[in-house]
4 protein chains.
Amino acid sequence: MDFSSDTAAPAHPAVIEAIAAANQGNQPSYGGDEVTARLRRHLSETFETDDLDFWLCASGTASNALALSILCSPIGAIACHEEAHIERDERGAPEFFSGGAKLRLLPGHGGQIDETALRAALAANNPNFVHETPLEALSLTNLTECGTAYPTSKIEQFVSLAKAEGLNAHLDGARLANALASTGASPAEMSWKAGIDVLTLGLTKTGAIGCEIILVFGSKRAEFPQLQARAKRSGHMPPKMRFLAAQAEAMLTDNLWMTLAAKANQTAREFADILCAKPGVTLAYPVDGNEVFCMLPPKIEALIRKAGVKCYPWPGGSYRFVCSWTTLASDLEAMRDLLAES
Amino acid sequence: MDFSSDTAAPAHPAVIEAIAAANQGNQPSYGGDEVTARLRRHLSETFETDDLDFWLCASGTASNALALSILCSPIGAIACHEEAHIERDERGAPEFFSGGAKLRLLPGHGGQIDETALRAALAANNPNFVHETPLEALSLTNLTECGTAYPTSKIEQFVSLAKAEGLNAHLDGARLANALASTGASPAEMSWKAGIDVLTLGLTKTGAIGCEIILVFGSKRAEFPQLQARAKRSGHMPPKMRFLAAQAEAMLTDNLWMTLAAKANQTAREFADILCAKPGVTLAYPVDGNEVFCMLPPKIEALIRKAGVKCYPWPGGSYRFVCSWTTLASDLEAMRDLLAES
Amino acid sequence: MDFSSDTAAPAHPAVIEAIAAANQGNQPSYGGDEVTARLRRHLSETFETDDLDFWLCASGTASNALALSILCSPIGAIACHEEAHIERDERGAPEFFSGGAKLRLLPGHGGQIDETALRAALAANNPNFVHETPLEALSLTNLTECGTAYPTSKIEQFVSLAKAEGLNAHLDGARLANALASTGASPAEMSWKAGIDVLTLGLTKTGAIGCEIILVFGSKRAEFPQLQARAKRSGHMPPKMRFLAAQAEAMLTDNLWMTLAAKANQTAREFADILCAKPGVTLAYPVDGNEVFCMLPPKIEALIRKAGVKCYPWPGGSYRFVCSWTTLASDLEAMRDLLAES
Amino acid sequence: MDFSSDTAAPAHPAVIEAIAAANQGNQPSYGGDEVTARLRRHLSETFETDDLDFWLCASGTASNALALSILCSPIGAIACHEEAHIERDERGAPEFFSGGAKLRLLPGHGGQIDETALRAALAANNPNFVHETPLEALSLTNLTECGTAYPTSKIEQFVSLAKAEGLNAHLDGARLANALASTGASPAEMSWKAGIDVLTLGLTKTGAIGCEIILVFGSKRAEFPQLQARAKRSGHMPPKMRFLAAQAEAMLTDNLWMTLAAKANQTAREFADILCAKPGVTLAYPVDGNEVFCMLPPKIEALIRKAGVKCYPWPGGSYRFVCSWTTLASDLEAMRDLLAES
């Protein structure tokens with residue numbers, strides 16, 4: 001039983017087929033190919049606008065860092081949750097790509113920034129005081145690192161507060177599909193309609209091999225050439241770009257990404273029910289997406305460990321279990337059977 | 001007729017099949033998977049040693065820059081040919097990944113560093129003189145940017161000169177297979193046996209989708225954890241690493257990479273013969289690999305341009321034509337027919 | 001009445017005289033001069049050891065950042081207090097000089113790191129887990145940003161804990177003299193004898209024009225050439241170094257620096273007594289050095305503001321008043337008279 | 001006899017007096033003081049315009065690198081002479097401060113960029129070609145590293161060519177006064193009137209202790225807050241700024257800087273005459289300022305070495321002799337006497 005991460009899962013067969021289909025004849029390098037051209041149309045449709053530019057990247061870490069590098073200068077700071085992926089799990093990538101920008105960490109339950117803390121940080125921001133590093137960007141994550149989903153209204157409100165102080169807005173959507181499936185919001189509503197300037201849309205965890213899309217909206221499109229140049233010099237401009245585009249196209253076609261995310265969410269809810277049926281097991285955070293964070297009694301902890309169930313201990317004492325599009329009913333049954341032993 | 005680049009070519013079918021085959025069930029992320037484990041054995045065999053570590057990367061630019069970042073500090077300089085890919089075509093990636101190291105450019109015909117210039121640069125190097133940036137690494141490229149191949153003896157000699165002054169040695173092998181096929185040298189002879197500390201072995205141009213291997217040899221393996229950390233923070237640690245490993249495995253199995261490179265080299269030689277049969281066409285550099293650089297009379301230049309033949313004008317006035325594993329006999333015939341019109 | 005900062009004060013006359021005295025004839029540039037040579041002897045005496053190297057710098061920010069750049073790599077993190085000068089007041093200098101290292105912020109009352117928080121951070125440190133940025137250095141500040149002094153025993157203990165986990169130890173001593181005067185510790189006891197690898201010794205706030213000394217002790221002296229090179233490329237290698245050395249020599253001669261610091265400390269204590277004699281005024285932190293942090297009732301706050309007394313509102317609601325070597329008895333009397341009006 | 005460098009010379013007594021005079025009472029830190037306020041008026045007068053901002057810095061290397069950091073982005077390149085100080089003698093400072101920009105080296109006799117080479121580099125510049133690093137700035141040096149002076153007309157022409165391609169223009173004026181004295185141009189003519197965006201005006205070599213002025217003209221003043229922030233985080237925002245301002249004020253008052261430079265130039269010409277009177281001695285470059293570069297016959301070379309005359313061997317085989325404001329007639333006589341021995 002492997003609940004370690006949705007990145008341990010294989011890719012959806014449609015993604016493999018798309019790669020094979022893209023492998024026909026010569027094609028211009030660096031995104032000049034036909035598949036990438038088709039993808040633009042898919043994205044315009046999915047996001048209900050032509051006012052966007054996009055870049056493909058195999059890495060979520062790089063996608064976030066590249067996005068932030070055009071939203072925050074080396075002498076600025078990025079406000080984010082203290083448990084954000086960009087702070088905890090990217091080995092200093094934002095600092096590296098931005099040329100030395102700082103992260104300003106904000107607290108909040110369930111991976112969501114506390115509104116009071118955000119307001120206080122924005123109120124204290126003074127770009128004219130040269131001694132301190134001023135905030136230049138706000139980075140939100142949806143699905144959050146604790147598996148909860150910000151509703152669109154909260155994204156809108158936080159972005160609005162940030163923009164009133166002159167900040168740019170980034171959304172880390174490594175598991176955006178799960179948040180969309182959970183909240184019922186559309187991709188447009190959760191991104192540019194809520195004021196997001198740059199969205200990092202992850203498809204790897206949803207079912208691709210390795211494919212993230214950096215989407216730049218509206219007036220920030222003026223920075224797109226800079227984004228490309230930064231992608232180039234960080235090794236994120238693959239010559240055979242068509243194979244990234246093919247993955248993205250497969251995922252967006254017939255809304256496959258949303259179907260897979262909805263399935264993973266549903267599986268996670270069922271998994272949570274199975275766990276919480278045991279006395280002493282409690283949810284650390286609401287299960288809004290495909291991740292379950294539970295506090296486990298020692299006896300169950302020992303049982304799970306002994307059985308070799310793959311999952312991660314999490315800061316705060318809980319355990320994280322991740323469901324993916326491949327998690328089977330039989331996996332859940334196996335867990336139910338295991339827990340029955342306790 | 002597309003002779004623009006070997007990166008415009010599709011991947012070899014065996015690579016696609018390997019990706020499909022790797023797409024089975026859950027596997028540990030970040031290189032803990034079975035395919036990556038198998039690849040280690042392939043590499044030990046190919047390079048005739050267990051005294052190596054390796055990292056997989058989809059990007060040649062990143063592979064070079066990561067390699068150099070463990071061979072040269074931010075306060076050092078890297079000696080390379082003035083037309084080297086790391087200088088001309090990577091948008092400052094070595095400067096970025098190293099944290100500000102400098103490139104010291106050396107002249108030389110055909111993309112090969114001039115021995116006298118190298119000796120002079122090494123003789124002038126004084127790490128104790130704080131005002132100037134001392135050389136800390138030598139970076140060679142084989143196949144060179146001009147399509148010529150250094151013989152192993154030259155690599156050995158240059159590395160030996162550099163090491164005598166305390167420099168580290170890097171080999172950019174984006175087209176290493178072509179150089180090996182051309183010179184008859186073995187991978188081991190062209191790398192660690194010649195004193196190379198870190199080799200960037202490209203498979204993308206040879207026939208993969210996007211797969212480069214950074215190989216760290218001998219005492220420099222002590223820096224391997226640093227290389228991993230730098231890969232992580234630059235977004236070059238793909239969670240689903242197995243799909244990079246699968247590409248590499250497919251290319252190394254039964255020496256497919258060498259077969260494809262030898263075919264591309266042979267095609268290039270035939271292509272050169274066709275071109276040079278025309279009066280006024282001369283080779284700018286010897287055709288050691290899969291690239292042909294020609295000086296073209298204006299009439300032929302016009303003809304080629306009119307026919308929409310894809311190729312690149314090159315600094316110095318020549319044109320570059322690249323053959324890949326997919327370049328067909330019919331492509332050559334088409335060119336022969338076209339030239340017959342002149 | 002100006003209690004804004006000890007950097008608003010003029011330099012001690014002996015410093016000006018030393019500069020004039022150093023202005024005789026040609027002298028080798030970049031530290032090869034006679035004054036710098038003499039300074040080495042002063043420092044050996046002051047720190048009771050020859051096992052040190054030093055570098056002179058006009059800037060405290062640069063001194064800290066240079067020191068940290070040889071103690072923490074671009075892929076590591078520095079543990080410090082959440083209110084440390086390197087975090088709050090240096091506009092990202094440590095991130096800049098280190099090439100992208102992170103600061104890990106620890107809480108604690110009065111500007112002193114909480115022991116439990118430090119132990120927890122050290123216990124959680126795992127340099128082998130590539131996804132997270134491991135701690136490589138601990139940076140302490142004495143006098144702290146809240147005007148309190150760590151006793152030598154605490155420095156020793158914290159450094160010892162940090163070193164057991166493989167960290168390097170830095171001491172930001174922008175107001176070291178005030179801490180020494182307060183605790184009675186010797187310079188040696190507060191630095192290398194407590195395990196400090198690199199000390200940033202500030203003399204500017206104590207009474208120089210602009211002069212800080214970076215002291216590198218023991219085994220870390222192996223990194224001294226790197227420190228020099230980093231100083232060079234950041235513009236902190238003044239050609240006419242003798243004028244920095246002259247300032248330092250003047251301050252160390254006859255222990256002038258300690259005399260001035262002791263005077264400033266004493267003045268601050270008297271100032272605190274004057275303030276605290278007023279009902280409703282309370283100290284936010286103990287007055288260990290030359291800084292007084294007070295909570296002020298609104299009426300007194302208004303009075304002070306109206307009178308144009310220069311001081312800083314501080315995070316947490318207190319006001320900071322700084323005394324320097326030039327703060328006069330008449331300044332204190334003026335404040336006593338002002339408060340009498342309330 | 002010390003002709004090693006003008007930085008080996010002491011400061012002019014007026015500079016020391018100005019520092020002593022500035023040492024009166026408390027003054028606001030970081031440039032809010034009275035001396036700095038007065039300096040603004042001096043600069044407006046000297047440069048015949050109010051359309052400027054300025055920053056004071058003790059370091060020429062930092063001044064150049066800070067200036068370039070607001071004229072060239074991390075993904076751009078700076079065109080400069082291949083022997084420029086920013087390339088040869090600053091240990092990678094421009095790369096460091098800019099966050100990884102590249103220097104594009106241009107040839108030319110006597111430290112002056114060859115016009116044909118400049119035109120070729122500009123013609124080849126293509127900011128839209130993402131694979132190569134485009135030129136974003138031109139950096140000229142006057143007096144050049146070979147002691148020659150560009151006439152104002154040449155500065156104007158080169159800047160005009162560069163601006164037509166969208167580049168910004170920087171002038172490294174570490175020895176600007178010597179170039180002004182030599183050409184008869186006014187400070188305004190040699191800077192903003194010639195299209196220079198940012199001038200690094202050095203006073204250290206002319207006679208200060210350590211004082212450079214970064215002058216930002218016209219539309220580039222929009223970047224001045226960024227310059228300040230970058231100065232802050234690189235440790236080039238001295239709290240007691242008044243002491244830098246005092247040096248600058250002393251130098252500008254009654255045109256002292258020009259008087260000292262003219263004297264040094266005149267001494268250099270006399271020195272050159274003495275040297276060239278010897279058979280076999282030839283000038284490597286014209287003596288436009290205070291530096292003499294000579295080819296010396298072996299016999300004279302040996303004589304000079306034996307006598308311990310301080311001077312530098314220079315790339316290309318010549319020797320550099322630098323005169324400063326303190327070089328005495330007796331120094332010249334001593335050299336004449338020495339040469340008489342040969």
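Chain A and chain D bury about 1200 Å² between them, and carbon and sulfur atoms account for 69% of this area; buried area is the accessible area (1.4 Å probe) that two parts lose on being put together, summed over both. The structure is a predicted model, in which local features need pLDDT of at least 70 and side-chain atom pairs count only at pLDDT 80 or more, while totals for chains, interfaces and linings use all residues. Residues are numbered from 1 along each chain as its sequence is written, chains are lettered from A and ligands numbered from 1 in the order in which they are written, and side-chain values use heavy atoms, with hydrogens and water left out.

The predictor assigns the complex an ipTM of 0.96 and a pTM of 0.97. For chain A, the average pLDDT is 96, and 100% of the residues score at least 70; pLDDT is the predictor's confidence in each residue, from 0 to 100.

At the interface of chain A and chain D, 14 residues of chain A are in contact with 14 residues of chain D, where contact means heavy atoms within 4.5 Å. Zero salt bridges are found across this interface, a salt bridge being a side-chain nitrogen of Lys or Arg within 4 Å of a carboxyl oxygen of Asp or Glu. Six residue pairs, both at pLDDT 80 or more, are in polar contact between chain A and chain D. A polar contact is a pair of N or O atoms within 3.5 Å; within protein, one must be able to donate a hydrogen and the other to accept it, and residues adjacent in sequence count only if both atoms are side-chain atoms. The side of chain A that touches chain D consists of six nonpolar, five polar and three charged residues. In this classification, Ala, Val, Leu, Ile, Met, Phe, Trp, Tyr, Cys and Pro count as nonpolar, Asp, Glu, Lys and Arg as charged, and the others, Gly among them, as polar.

Between chain C and chain D, the buried area is about 3600 Å², with 55% given by carbon and sulfur atoms. Of the area that chain C buries against chain D, 22% is supplied by Phe96(C), Arg233(C) and Lys240(C), more than by any other three residues. Here 43 residues of chain C are in contact with 42 residues of chain D. The count of salt bridges between chain C and chain D is zero, whereas 23 residue pairs, both at pLDDT 80 or more, are in polar contact. The side of chain C that touches chain D comprises 17 nonpolar, 16 polar and ten charged residues.

Within chain A, the domain assignment gives domain 1 (12-254) and domain 2 (256-339), with bounds that come from an automatic or database domain assignment. The C-alpha centres of these two domains of chain A lie 27 Å apart. The area buried between domain 1 and domain 2 of chain A is about 2000 Å², 60% of it from carbon and sulfur atoms. On the side of domain 1, His12(A), Arg175(A) and Asn178(A) lose the most area to domain 2 of chain A, together 22% of what that side buries. Arg175(A) also takes part in a salt bridge with Glu291(A), at 3.2 Å from N to O between the side chains. One salt bridge is found across the interface of the two domains of chain A, together with ten residue pairs in polar contact, both at pLDDT 80 or more.
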